[in-house]
Amino acid sequence: MRHIPGLLAVLALFAATEALADEDIADQYPGSLLYAKPVEFLPGVWTATGATAPPTYENAGHNNNLSFIVTGDGVVVVNAGASRGLAQALHDEIRTVTDQPVKLVIDENGQGHAMLGNGYWVDEGVPVLAHTEAARAFEEDGDASFLAGERLLRDRFETTRLQGPTETFEESYTVPFGDFPIEVLYLGPAHSPGDIVVWLPEQKLVISGDMAFHERMLPVFADTDTRGWIETWETAFEPLGATYVIPGHGHPTNMDQVRRYTRDYLVWLREKIGAHLDAGGDLADAYYVDQSPYAHLDTFDELATKNAGRVFEQMEFE
């Protein structure tokens, strides 16, 4: 493996690019379907940071983080990618880093950008792991995700096929190979059904998936349990004691940053909507609750009003 800059240099690179993390910036890696070239964050832990914009043809649907861990006895990939082409592009990059084979793919949840690349990895003979609830969500919604990918990505989606995970787990899974422990954990309700985290205790690093956001606004889905997400954060995610975080979207960072834009945002929005309900406000006005403290986040324009409305609908009956 070639020499990699130290952690401080890598963090400086991320800090410099974070200021440019806008929805209109050009693809950062034109020679690949990947939006950005993978960078080694900690020794052996790499991530290809996706666009903080919604998926587009131009970013090839790569708007989430695709990570991999070189363990000394095989490679663990986190997220299969939003298409067969993205999965193959990531595999091509892995081969430039190490001759160790990919031995496991972990899907962080049941969304298309985590699972639509599964078919490539299964065809390569690699097992794909997900939480049981994520597998169920993909079984129910995979057709819709596939059709959306076809419409959006067109020729960049060719040869993609529907393929669920080949293995599932309920609470935890320990990767059975490598030079250091890697734990796959379901901590409780969060952003979507079956959200998991990948925890490297020796490195104090968590690949958080959609448990944690910071550069882009988090989305509240119809099935997002915001109260449960806060509880999971406070009782299970934060107590891991992570120093470093590779979130589901946005550059690698630290716990202070993701806490500010995930847990604190959820608490703040629920307080705003709670005050709106106490004042007799209705759903129509809830959409316009002032969220300007978060207006600098990417996808704010697409998500802020939807988030407020969905939180109102949840809290109205709590």
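R270 and E318 pair up through their side chains in a salt bridge, with N and O 2.7 Å apart; the term covers a side-chain nitrogen of Lys or Arg within 4 Å of a carboxyl oxygen of Asp or Glu. R270 sits in helix α7 and E318 in the segment after α9 (300-315), so the bridge ties together parts that are 48 residues apart in sequence. Helices here are DSSP runs of H or I with at least four residues, strands are runs of E with at least two, and both are numbered from the N terminus. R270 is buried, at 12% relative accessible area, whereas E318 is partly exposed at 45%. Buried stands for under 20% relative accessible area, exposed for over 50%, and partly exposed for what falls in between (1.4 Å probe, protein chains only).

A word on the model: it is predicted, so local features need pLDDT of at least 70 and side-chain atom pairs count only at pLDDT 80 or more, while totals for chains, interfaces and linings use all residues. Residues are numbered from 1 along each chain as its sequence is written, and side-chain values use heavy atoms, with hydrogens and water left out.

In total, the structure holds 13 salt bridges. Side chains of opposite charge can pair when their charged atoms come close. Since E238 lies in the loop between α6 and β12 (244-247) and R259 in α7, the pair ties together parts that are 21 residues apart in sequence. Both partners are partly exposed, E238 at 26% and R259 at 23%. E124 and R95 make a further bridge, with closest N and O atoms 3.7 Å apart. This one links E124, in the loop between α4 (118-123) and β6 (128-131), to R95 in helix α2 (residues 84-97), 29 residues away. E124 is partly exposed at 40%, and so is R95 at 47%.

Back to α7 itself. The helix runs over residues 255-278, and its 24 residues should span 34 Å at 1.5 Å a residue; the end C-alpha atoms are 33 Å apart, which agrees. (The expected span is 1.5 Å times one less than the number of residues.) At the start of α7, a side-chain oxygen of N254 comes to within 3.2 Å of the backbone nitrogen of D256. A kink of about 35 degrees is centred on Y265, the bend being the angle between axes fitted to the seven residues ending at a residue and the seven starting there. Just after the helix, G280 adopts a positive phi of about 85 degrees.

A286 belongs to helix α8 (residues 283-286) and is buried, with a relative accessible area of 0%. Not counting residues up to four places away in sequence, A286 touches I273, H276, A308 and F312, contact meaning heavy atoms within 4.5 Å.

A polar atom of the T224 side chain lies 2.7 Å from the backbone oxygen of H191. Leaving aside neighbours within four places in sequence, T224 is in contact with A190, H191, P219, W229 and Q314.

How values were computed. Polar contact = N/O pair within 3.5 Å; in protein donor to acceptor, adjacent residues only side chain to side chain.
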